[in-house]
Amino acid sequence: MQAITHFLVGALIQKFLFGWLHLPWNFLLVIVLAILSHFVVDVFVKITFHTPEPYPEWRFWVIANTSFYIASLITAIILFIPYWWAMLAANVIDIYDWVILRPVQAVKRKKNPEYTLEKYMIHPRIERFRDKHLTWVPNLLYDPKGVIPEIIIDIILFLLLYLL
Ligand SMILES: [Zn+2]
């Protein structure tokens, strides 16, 4: 899902679980659970508008993604203190796949189009799990209506973070 959703889940995990244990176990517990939360959230990515490829010529795609980027950035700034490390942990899987491995693969493919780092990537594993065990989940990946479930999820997460 979008970075904002992972940020909010990470922040919630820190808010509710950090006090359970003492140093250093509280940090360890939050980091491990925030990383694991990425798998749980991404398993349900199909209920959101989240095309696997970019569509810069599709107006709705550009507006939706730009809006989510801006919302993610604002959320990261607002929640930076004290939640930055839990938010970072919740996004480590995306950083590993999308910020490190995919760009390296893209550079290598310029010389060798067959080059792939997919076996080291984590998202294809999440996708395989989803395709095998969650076939009942509606597929809105390419459906503009898919922004609604993610917005609702983010509003609920915000409310949980601020009202509880
Ligand atoms: Zn992800």
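Before you click anything: helices (H or I, at least four residues) are DSSP runs, numbered from the N terminus. Axes are lines fitted to C-alpha atoms, for helices over the stretch in contact, and angles run from 0 to 180 degrees between N-to-C directions.

What you have open is a predicted model, where local features need pLDDT of at least 70, side-chain atom pairs count only at pLDDT 80 or more, and totals for chains, interfaces and linings use all residues. Residues are numbered from 1 along each chain as its sequence is written.

**Stop 1: α2 and α4.** Select residues 25-43 (α2) and 123-133 (α4); their axes come within 10 Å and cross at roughly 50°. Now show Phe-39, Asp-42 and Val-43 of α2, plus His-123, Ile-126, Phe-129 and Arg-130 of α4: they make the contact (C-beta atoms, placed from the backbone, within 7 Å).

**Stop 2: the core.** Next, pick Phe-7, Ala-11, Ala-34, Ala-86, Met-87 and Ala-90, the residues with the most contacts inside the largest nonpolar core, which has 23 residues. Such a core is a set of buried Ala, Val, Leu, Ile, Met, Phe, Trp, Tyr and Cys residues joined through C-beta atoms within 7 Å; buried means 20 or more other C-beta atoms within 10 Å of a residue's own. Its largest share, eight residues, comes from α3.

Zoom in on Ala-34. Leaving aside neighbours within four places in sequence, what is Ala-34 in contact with? Gly-10, Ile-13, Ala-86, Ala-89 and Ala-90.

**Stop 3: cis bonds.** Select Leu-23 and Pro-24, joined by a cis peptide bond with omega about -10°. Pro-24 sits in the loop between α1 and α2. Then jump to Ile-81 and Pro-82: cis again, omega near 15°, but Pro-82 is in helix α3.

How values were computed:
Helix = DSSP H or I, 4+ residues; strand = E, 2+ residues; numbered from the N terminus. Contact = placed C-beta atoms within 7 Å. Buried ≥ 20, exposed ≤ 12 C-beta atoms within 10 Å, placed from the backbone.
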